[in-house]
Structure formats: C-alpha cells, structure tokens
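Let's take a walk through a protein together, one stop at a time.

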Amino acid sequence: MKNLIDGKQAMSVFKDTRTLAAKVVEMVDALMQGKEPPVNDTETYDNGTGVIPSFLCEPVACTVDNYQELLIDSGYYTMDQIENG
C-alpha cells in the first residue's frame, strides 16, 4: 500500500477476506443441513481432476483513488497499519 500511495505502483487486487469467510460459513451451513452449498461457477474452475463447482468472490482493483474507502473506511485496516505496517 505504501508503494501505491507513493505513486510507485498503479494498483493492486483486493479480495476482502471477510466476504470470503461469510460465504464459507454459508456454504458449510448448507452442507450441515444436507443442502447444496451456493455456487456461482460450474464451468471454469478445473483443479486437474475436473471442473469443480465453486463460489468465486469478485476481486476489486485497489488504487490510490479508492484505497481509503476499500481498506480504511470499511474497517479492514487502520491508517496506522498501512502507514507503519
């Protein structure tokens, strides 16, 4: 993030692990109830043994223009963590 803020890097990809964790809980809960877990991709994720139904979380481009909203305002990091981390 320091490189991004300093203009040395144009962007980074951000995947909010809180979103991923919430989806995992939803999927495990469905399995525990004997239901099918929610998936949004049944065609593209091939792990070498075949296509695996998956739930793909959307990556977000993080730039100097939106890092404050994505990372700080959302509570993912504090500014102190970014500046001193």
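Is V60 buried, partly exposed or exposed? V60 is partly exposed, because its relative accessible area is 34%, where buried means under 20%, exposed means over 50% and partly exposed lies in between, using a 1.4 Å probe and protein chains only.

Before going on, please note that this is a predicted model, in which local features need pLDDT of at least 70 and side-chain atom pairs count only at pLDDT 80 or more, while totals for chains, interfaces and linings use all residues. Residues are numbered from 1 along each chain as its sequence is written, and side-chain values use heavy atoms, with hydrogens and water left out.

Back to V60, which you can find in strand β2 (residues 60-62). Strands here are DSSP runs of E with at least two residues, and helices are runs of H or I with at least four, numbered from the N terminus. Leaving out residues up to four places away in sequence, V60 touches S12, V13, F14 and L70; a contact means heavy atoms within 4.5 Å. V60 and M11 are 49 residues apart in sequence, and their C-alpha atoms are 9.9 Å apart in space.

Helix α2 (residues 17-32) gives the most to the lining, with three residues. Sorted by class, the lining has seven nonpolar, two polar and three charged residues. Here Ala, Val, Leu, Ile, Met, Phe, Trp, Tyr, Cys and Pro count as nonpolar, Asp, Glu, Lys and Arg as charged, and the others, Gly among them, as polar.

Our next stop is the inside. In soluble globular proteins, nonpolar side chains tend to be buried together. The largest nonpolar core in this model has eight residues: L4, F14, C62, Y67, L70, L71, I72 and I82. Helix α3 (residues 67-73) gives the most to this core, with four residues. Such a core is a set of buried Ala, Val, Leu, Ile, Met, Phe, Trp, Tyr and Cys residues joined through side-chain atoms within 4.5 Å. Pick out L71: apart from neighbours within four places in sequence, L71 is in contact with M1, F14, C62, Y76, Y77 and I82.

Now turn to the aromatic rings. There are two aromatic pairs, and rings of Phe, Tyr and Trp (its six-membered ring) pair if their centres lie within 6.5 Å; planes under 30 degrees apart count as stacked, over 60 as edge-to-face and the rest as tilted. F14 and Y76 make an edge-to-face pair, 5.0 Å centre to centre with 85° between the planes. Since F14 lies in strand β1 (residues 12-14) and Y76 in the loop between α3 and α4 (79-84), the pair ties together parts that are 62 residues apart in sequence. F14 counts as buried because its relative accessibility is 9%, whereas Y76, at 22%, counts as partly exposed. Y76 and Y77 form an edge-to-face pair too, with 5.0 Å between centres and 85° between the planes. Together, F14, Y76 and Y77 form one aromatic cluster.
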